[in-house]
Each structure stands twice: as structure tokens, then as C-alpha cells.
Amino acid sequence: MSHHDLHTDILIVGAGLGGIAAALAAAERGARVVLTEEHPWIGGQLTSQAVPPDEHPWVEQFGVSASYRRLRDGIRDVYRRSYPLTLEARALEALNPGAGWVSKLCHEPRVALGVLEEMLAPWRSSGRIRLLERVRPTAASVDGDRVTSVTLSSVVGGEDVTVSATFVLDATETGELLPLTGTEYVTGFESARETGEPSAPDAAAPDNVQALSVCFVVEHVDGDHTIDKPERYDFWSTYAPQQWNGSPMLSWDAPNPRTLAMDRRSFTPNPGDDALAVDADQSRTPGDGNLWTFRRIAARDLFAPGHFSSDLCLVNWPSIDYFLAPVLDVPRSIELDRLADARQLSLSMLHWMQTEAPRADGGTGFPGLRLRPDVMGSVDGLAQAPYHRESRRLRAVTTVTENDVSYAVRGARGATRYDDSVGVGMYRIDLHPSTGGDTYIDVASTPFEIPLGALLPQRVANLLAANKNIGTTHITNGCYRLHPVEWSIGEAAGHLAAHCLATGRSPHAVQTKSDYLADLQAELVATGVELRWPTQAHPY
């Protein structure tokens with residue numbers, strides 16, 4: 001295998017939302033960036049994982065950065081410029097192309113991909129950002145408390161590349177650089193003795209990690225589009241985990257995250273609902289009564305008659321949550337086997353829907369459900385990458401715990417305020433079933449801040465977290481893992497690295513010295529980053 005070396009100011013491994021936000025921030029400040037991505041599409045959970053943006057209720061007014069708002073506006077602009085929207089849909093300022101109930105901006109992943117590519121394009125043309133595609137990190141070199149280089153191996157048979165950099169940002173989905181660089185980290189549940197969290201167990205459980213999901217998109221059209229019976233269908237169709245109270249997982253039934261009682265959802269394709277009237281707000285209603293419209297990413301009635309023969313429905317439901325075994329810190333061969341099994345679970349759910357699912361008319365099966373691999377950019381019709389809800393997490397300078405964000409703990413005081421805030425976020429503490437047998441943990445939270453100290457390892461001097469690998473716990477990861485928060489984490493990491501390059505300051509000095517910190521925060525505010533919440537934001 002041939003090999004070559006590169007040097008850059010900032011290496012960002014992982015071109016998900018955090019990695020892209022970091023690259024843009026650093027390039028705009030004059031730094032040279034190498035950005036890497038393993039999967040065919042950049043964009044992470046928004047594109048290759050196909051998850052519509054999970055956002056707070058005030059996203060149209062405040063609570064996200066200006067650059068994240070440009071991303072959202074860009075997605076809507078594509079639909080307005082290029083799609084045959086109805087006049088009524090075109091007039092909607094807060095256009096929701098999918099009219100899904102999970103988000104105010106449900107859309108096709110490929111549209112987001114194009115907008116992200118456009119945001120990067122001027123910097124790639126200038127050479128300020130160099131994107132290395134279809135590579136994953138496989139080794140790293142360190143010198144004392146500094147990372148000196150990272151080696152990236154091609155996943156499609158190309159040559160290895162070793163990149164040395166002044167600063168290294170881990171923007172991978174699972175904190176892959178942490179073990180490679182010897183950076184201290186944690187996985188799974190911390191103990192209540194360590195964190196003092198009300199929802200933590202008595203004993204730590206590092207292998208007890210949230211479920212991952214492999215999403216897919218279907219339409220409902222004439223004809224029989226039933227897929228071949230998946231290899232693991234006999235197992236998954238009879239699997240009845242304890243979290244489901246002994247009921248089959250492949251069904252319309254699943255635990256209610258807040259009450260844990262088994263709830264039955266309905267499923268009515270192309271229901272003819274009023275797509276213009278959908279007002280997605282997770283603080284008021286979960287919106288999952290009809291699974292078809294819950295994460296719908298294209299509502300055909302918002303477009304000219306005949307443009308879409310069917311709505312496009314994204315399947316990211318409890319029934320495809322893979323929590324049979326963890327995939328972090330296991331041999332690569334075992335990891336790949338388990339990820340393949342997660343894909344079998346998703347295919348099994350589709351086959352069950354096509355052949356065995358009960359219908360409202362008393363019949364069985366929806367053979368008209370058809371996979372859309374073209375929408376997913378994949379051969380098998382499943383998402384290119386699994387949606388990892390939980391990553392390895394830094395042993396950070398600052399660790400955010402349930403006691404910092406839980407409404408039950410904080411009450412009217414609101415979330416902990418951090419002098420070193422570099423962004424804001426909001427979502428309920430939303431933990432899916434986990435590999436250790438735990439069920440949902442769903443806790444009301446309060447609008448929170450992102451402390452700079454959560455991006456900094458306790459020891460390593462030039463490695464920054466730029467994704468869901470920051471200093472949270474298993475519990476608080478459940479509210480810091482969502483799209484706009486990941487973007488804000490990456491944006492802050494990119495600004496910090498470029499600031500340190502320009503000033504000669506270290507990241508840890510910026511976090512501890514009040515005048516240095518004030519300089520960074522002023523730069524963040526000048527670019528449209530919000531550091532505090534307005535008073536009208538409320539817990540939910």
C-alpha cells in the first residue's frame with residue numbers, strides 16, 4: 001500500500017456537522033484545514049445517516065448560530081428555487097418540505113448534502129480546506145501530551161495518508177481519535193457515585209451504550225415491492241426484548257419514552273393530511289401517532305400534482321434501535337459484524353411491514369412500500385452510515401452532568417451558567433434503550449450552554465472535541481447529541497483552534513485566563529454565535 005504525508009494547520013477528522021462547522025470557522029479565520037470523511041457523503045447525521053434535524057421549538061427565532069441558520073436557510077432555498085412547490089407551500093416562511101412532526105425542517109438528505117458542499121466550495125477552491133474522502137483514522141503519533149499526526153486509511157483501496165497538524169479536532173461520530181491518541185475517555189454509564197446524577201446507576205457500566213439505528217426511506221406506490229426475506233429475519237421477527245415488556249420488537253408497539261408503558265402507533269401511508277397545517281413542536285406533542293408522518297421528508301401535497309407519486313417516509317423508529325451489543329471498543333471484525341446485524345434489523349422491519357404488519361382495514365402487510373436507494377445514495381436502500389446516538393466521551397476539563405441541565409434538579413434557576421460558554425443548545429434528555437438492558441430515560445431539561453472546558457481533554461494539549469465526544473455523561477449526552485448542538489460544538493472548536501494559531505495561545509490557557517477567554521468569546525459573538533439564552537426560552 002502506497003503512502004504519502006501532508007502537513008496542515010488544523011486536521012479535522014470526521015466531516016459530519018461538527019467537522020464541517022469547525023472547518024468553515026477555521027478557514028474563515030485564515031487557517032489551513034485538512035478535513036476527512038469515511039462515507040460517500042459529508043454531513044453525518046443530516047445526510048449519510050439520514051436523520052432530519054432534531055431541534056428545539058425556538059429554532060426559527062433564536063438559539064442557534066448564524067452559520068447553522070445559513071445551512072437551514074440554504075436547504076429551504078433549494079426547494080424554493082428548484083422544486084415545483086405549490087403556491088401555498090412556496091409562501092411559507094418556515095417551509096417544512098416533509099411536513100414531518102419531528103422537525104420544523106424535514107427534508108431529503110441529498111438536499112442538505114448539496115448545501116453543505118456549497119458552503120465548503122469557496123474554501124476548497126482556494127485550497128484553504130482540503131477534503132480527504134473515503135478514509136478513516138487507523139493510527140496516531142503522539143509526543144508527550146501532544147498529538148503530532150494521524151494516519152488515515154482508505155476504505156476503498158486507496159493509499160494511506162499521514163497528516164501532521166498543529167491542532168487536531170476529533171469530529172468523528174464515535175470519538176475514534178481518543179483511543180488512537182491515548183486520550184483519556186469514558187464510554188457507557190458513569191456511576192452515581194462519580195457524577196451524583198439522579199438517573200445514573202450505582203455502578204459504572206462502560207459497555208452499556210445507547211442504541212444505534214440504520215435508517216431508510218420508503219414510498220408507497222402501486223405494485224408489490226417486497227424485498228427478499230433478510231438472512232436474520234427469523235431472529236429479528238421473534239425478538240422480544242425486556243424493554244418491550246416481552247412483546248415483539250418488530251411491531252407498531254413500543255415503550256412510551258416518558259411513561260414506559262407500551263404504546264401502539266398507527267401507520268397510514270399517504271394519509272392525505274393537511275401538510276400545510278403541520279406545526280412540529282416536540283415540546284407540545286411528540287407527533288408519532290402516525291409513524292408515516294412522524295419523520296416524513298417529502299410531503300407530496302406540498303408539490304405540484306404528480307411530481308411525487310408518494311410521500312417519502314424516513315424510518316427511524318424504536319423498532320430499528322439496535323441494542324443487542326455495543327460496537328465501541330470491540331475488535332474491528334466484531335464491530336463490523338454487529339453493524340451488519342443492525343442493517344439486518346432494519347431490513348427485517350421493512351420486510352415485516354411489507355408482509356406481516358397489521359393494517360387499519362384488517363388486512364396484513366404493505367407490499368406497496370418501496371425502498372428508495374436513490375434518495376439514500378446507497379445500493380441497498382439503507383443509510384450509508386449508522387446513526388450513533390452515543391460516542392466515546394472525553395475525560396474533559398468540564399463535564400456537564402444531569403445536575404447541570406435537568407429541570408427537576410435546576411428548576412427556576414435554569415441550567416448551569418458557564419463563564420466559558422461558547423454556544424447554546426436545548427433538547428430533552430432523551431436516551432434510547434441501551435446495550436446493558438436499560439430502557440428509555442427521558443428527563444425534562446432546561447435551555448443550556450456549551451462550556452469551552454467540555455471540548456478540552458484534561459491532559460492532551462492540542463486535541464479538541466468537535467462532535468458528541470465532548471465532556472458530557474451518558475445521561476447528558478442525551479441532550480447534547482442533536483444536530484444544532486453538534487454544529488455549535490464544532491464551530492466553537494474550529495474558532496478556538498484558529499484563534500490559538502493566530503495568537504500563539506494554548507486552548508487550555510484560553511479557557512482559564514479571563515482576558516484570553518473574553519477575546520475568543522467576542523470573536524464568536526461577532527460571527528453570530530449565541531452564548532446565552534433569552535428569557536423566553538423555557539424547559540420542556
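## Cysteines

A disulfide is a pair of cysteine sulfur atoms within 2.5 Å, and a search of the whole structure finds 0 disulfides. C215 is in no disulfide, and the nearest cysteine sulfur, which belongs to C313, is 11 Å away.

This is a predicted model, in which local features need pLDDT of at least 70 and side-chain atom pairs count only at pLDDT 80 or more, while totals for chains, interfaces and linings use all residues. Residues are numbered from 1 along each chain as its sequence is written, and side-chain values use heavy atoms, with hydrogens and water left out.

C215 counts as buried because its relative accessibility is 0%, where buried means under 20% relative accessible area, exposed over 50% and partly exposed in between (1.4 Å probe, protein chains only). C479 is likewise buried, with a relative accessible area of 0%.

## Helix α2

Helices are DSSP runs of H or I with at least four residues, strands are runs of E with at least two, and both are numbered from the N terminus. The expected span of a helix is 1.5 Å times one less than its number of residues, so the 17 residues of α2 (residues 66-82) should span 24 Å, which agrees with the 24 Å between its end C-alpha atoms.

The buried residues of α2, among them Y68, L71 and I75, pack against α1 (17-28), α4 (109-126), β12 (296-298) and α14 (483-503), contact meaning heavy atoms within 4.5 Å.

## Helices α1 and α14

In this pair, residues of α1 including L17, I20 and L24 meet residues of α14 including H483, W487 and A498.
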